[in-house]
Amino acid sequence: MERRERKQFTANIEIEVAMIKEVLVVEGKMDVVAINKAVEADCIITEGFNLKPACLDSIEKAYKKRGIIILTDPDSAGERIRTYVTRRCPKAKHAFVPVEDATANNDIGIEQASPEAIRKALDKVRTLNWEPGNEFTGADLIKAGISGGDGASERRARMGARLGIGYANAKTFLKRLNHYGVTREEFEAALAEEEDN
């Protein structure tokens, strides 16, 4: 992700605002409001899984011209949109806001995320590798305590946030580890941080 900083003056206080080169693909208008509190970026709104032909055309044009970052809600609908857009735009970048950072008032969505949570997600952008590595196995997840045991789901969610690959069930988490280029060193560092807390 290419970022530039722009100085903004508010009440005589200078604030650095990150400007994102790529176009963000989000689900709704309120997501754009939340993003504008965090960074300066152009957004394309999918209106949920609706994805009308005009929307898909806009996404593909942005993908070819500037690149896109998919920043959908951390729920099943958001994951379906992410998968669908990724099939059409295979070199799209991905940002994930953790579920706990995108939940408020019994609602899940990017619109619920704080500016800091959005900036953190954009700082950990990943690109899907269609030729997956085989660095990680199910045994790695079990050994790390993020699959098959008490509290595994919660630990997996925290690890996903640290690694910038989001929350997923164990099978999808393993796939993301191998598809999003997570290194053994990154994994071990995130695991050490998990164990320290």
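Residues are numbered from 1 along each chain as its sequence is written, and side-chain values use heavy atoms, with hydrogens and water left out. Because the model is predicted, local features need pLDDT of at least 70 and side-chain atom pairs count only at pLDDT 80 or more, while totals for chains, interfaces and linings use all residues.

**View 1. Helix 6 packs against helix 7.** Here helix 6 (residues 152–163) meets helix 7 (residues 170–179) at an angle of about 20 degrees, with the axes 12 Å apart. Helices are DSSP runs (H or I, at least four residues) numbered from the N terminus; axes are lines fitted to C-alpha atoms over the stretch in contact, with angles from 0 to 180 degrees between N-to-C directions. The two helices are therefore roughly parallel (angles under 35 degrees). Look for R156, M159, G160 and L163 on helix 6, in contact with A170, F173 and L177 on helix 7 (heavy atoms within 4.5 Å). By class, this contact has five nonpolar, one polar and one charged residues; Ala, Val, Leu, Ile, Met, Phe, Trp, Tyr, Cys and Pro count as nonpolar, Asp, Glu, Lys and Arg as charged, and the others, Gly among them, as polar.

**View 2. Helix 1 crosses helix 4.** The axes of helix 1 (residues 29–38) and helix 4 (residues 115–123) come within 8 Å and cross at roughly 80 degrees. This pair is therefore roughly perpendicular (65 to 115 degrees). Helix 1 brings A34, I35, K37 and A38 to the contact, and helix 4 brings P115, I118 and R119. Five of these residues are nonpolar, none polar and two charged.

**View 3. The largest pocket.** Its volume is about 350 Å³, taken as the space filled by probe spheres set on grid points joined across faces, edges and corners. A pocket is an open set of points on a 1 Å grid over the protein atoms alone, where a 1.4 Å probe fits, with protein on both sides within 12 Å along at least five of seven lines; lining residues have an atom within 4 Å of a point. Of the 14 lining residues, E79, T83, L128, K175 and Y180 are the closest to the centre. The lining has three nonpolar, five polar and six charged residues.

**View 4. The second largest pocket.** This pocket has a volume of about 240 Å³. Among its 16 lining residues, P74, D75, E79, Y167 and R176 lie nearest the centre. Helix 3 gives the largest share of the lining, three residues.

Technical notes
Parallel < 35°, antiparallel > 145°, perpendicular 65-115°, else oblique.
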